[in-house]
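Subject: Structure handover

Hello,

Here is the structure we talked about. Please open it beside this email and follow along; my notes come after it.

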Amino acid sequence: MPPIVKGLTPALRQTRNVLVAGYLGFVGLGLVSDTQPRIFWTMLLPLLPVGVVLMGFHVWRNICPLAFLGQLGRRLNRGRQRRVPPWLESYFFPATFGILLVLLVLRLVATNGDRLWLSGLLVALALAAFVTNAIFTGKTWCNFVCPVGFVERVYAEPRSLRSTGNSQCDPCTACKRHCPDIDQENAYWKDVTGSGRRLAIYAFPGLVLAFYTYYWLRHGDWEAYFDGRWTRRPVDAALVVGEGFFFAPQVPAVLAATLTLVAFSVASYGLFRLLEVGIRGVVGNGERSRHLGLALAAFTAFNLFYVFAGAPSLRQLPGGTRAAAFVAPLVGTLFLRRRWQRTPEHFIGERGATRLLRSWPFEEPPPRDPSEVYGWIRASRHAREKDHHSEPDLERTDVLHEMLVVRLKRGKRLEEGTRVDHRPHPERDEADTADDRDGAGHPGSQGR
Ligand code: SF4
């Protein structure tokens, strides 16, 4: 029986079905209309990063049409448990970054303005997702191969603007250590200092800038991008191997585009490494400085993207570019702020408080926000003392307060290894509740 994704409400299922139909319809549109590349690259694609940030990571994971088409491959999988090799488990961030870079080069020399090539690309991606998940277990496509998955994680980790539950499979087949579908933020803190993550995310702003700058490097004119002529350019030899740079026309375009994307990515990686060193000099903590460096890289990439993405079509709308110039930095600043303040200790503490809310032991109604639980218990202790509550009642409050403090200290565990929890969810939830009651927690807990 293939795994089934959890948490799919009827509304989400309908939305996903519409998106899948749209994806397939778009393939068909490429067979009949020259407007297809313009609609895709300048109207639909620009909605993706801001959409993921606003709707939340798990919502997108549940409605992504490519993920759905990949999940059809699971039906051929017949419960096989084949996992990706260990090197890919360790370096999936650079691997997906590399796939994205190749696709961007392909875009510059083929799929940008040729409707048949674009339709072919969409079909190829759907087939790749299908075959990957037919061969490997779980959501191997989403977790280890998909370039969109890479972009999702850059912009939405450790948490996007909207908190969401999970998008995990039921049953989980443990395709991924520290699975973001089970617990996105836990997966982030487990791996925040990983060198693969740093390499790819620090290089990403450079990749974004390089892609758009290449139009100028090739034609010597920014209008070559902003007037959108590239959305009506069918593939031919001149586009692929013609003059690659306006100042060095002898370099073939495909090579020039590759060199540009690689060079900007390397420079970007170097710059953000330096920035991280500077931040570490101020905050004095390797994990914290890495977290802030990753947040700044994501923020930079997001804003660079929206300087360009969609501009050829927004220009046609009165006030369109001005609206984008206001909304994109606003959204970027909001998600940067949300990340900036976040620490693993906040995460662990909030998680402990959330569990306590599930089995709230007091007569008074609990605070709505888990982050207010600590303050509530402290204040409650004080109030009970004043009201001369019984000693056992006061002790109970003390025990709960102590338990939450212990949870905060256990934030250190995020640096240790973990295991995927395969227990069915009700059983897991019950154990977690018991864990909260005794304040101990089970070893190897993912800090949920
Ligand atoms: S680890 Fe489990 S829940 Fe996560 S994607 Fe893989 S199979 Fe699904």
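Gln36 is part of helix α2, which covers residues 36–44. Helices (H or I, at least four residues) and strands (E, at least two) are DSSP runs, numbered from the N terminus. Before going further, note that this is a predicted model: local features need pLDDT of at least 70, side-chain atom pairs count only at pLDDT 80 or more, and totals for chains, interfaces and linings use all residues. Residues are numbered from 1 along each chain as its sequence is written.

Is Gln36 buried or exposed? Gln36 is buried, because 23 other C-beta atoms lie within 10 Å. The cut-offs are 20 or more other C-beta atoms within 10 Å for buried, 12 or fewer for exposed, and in between for partly exposed, with C-beta atoms placed from the backbone. Apart from neighbours within four places in sequence, Gln36 is in contact with Phe26, Leu29, Gly30, Arg115 and Leu118. Contact here means that the C-beta atoms of two residues, placed from the backbone, lie within 7 Å. Gln36 and Arg232 are 196 residues apart in sequence, yet their C-alpha atoms are 9.4 Å apart in space.

For the chain as a whole, there are 22 helices and 2 strands. The chain has 448 residues, of which 40% count as buried. Of the contacts between residues at least 6 apart in sequence, 77% join residues at least 24 apart.

Next, the helix pairs. Two packed helices are described by the angle between their axes and the distance between the axes. Axes are lines fitted to C-alpha atoms, for helices over the stretch in contact, and angles run from 0 to 180 degrees between N-to-C directions.

The axes of helix α1 (residues 10–32) and α5 come within 8 Å and cross at roughly 90 degrees. That angle makes α1 roughly perpendicular to α5. (Under 35 degrees counts as roughly parallel, over 145 as roughly antiparallel, 65 to 115 as roughly perpendicular, and the rest as oblique.) Arg16, Leu19, Val20 and Tyr23 of α1 make this contact with Pro65, Phe68 and Leu69 of α5. By class, the contact of α1 with α5 has 6 nonpolar, no polar and 1 charged residues. Ala, Val, Leu, Ile, Met, Phe, Trp, Tyr, Cys and Pro count as nonpolar, Asp, Glu, Lys and Arg as charged, and the others, Gly among them, as polar.

Helix α3 (residues 47–55) and helix α10 (residues 147–156) pack at about 50 degrees, with their axes 9 Å apart. α3 is therefore oblique to α10. On the α3 side the contact is made by Pro49, Val52 and Val53, and on the α10 side by Val151, Glu152, Tyr155 and Ala156. These residues divide into 6 nonpolar, no polar and 1 charged.

Some backbone details are also worth a look. The peptide bond from Glu157 to Pro158 is cis, with omega near 0 degrees, and Pro158 lies in the loop between α10 and β2 (169–170). The bond from Asp170 to Pro171 is cis too, with omega near 5 degrees. Pro171 is in the loop between β2 and α11 (184–191).

Ala174 is also found in the loop between β2 and α11. Although not a glycine, Ala174 has a positive phi of about 55 degrees. Ala174 counts as partly exposed, because it has 17 C-beta neighbours inside 10 Å. His178 lies in the loop between β2 and α11 and has a positive phi of about 50 degrees, although it is not a glycine.

Regards
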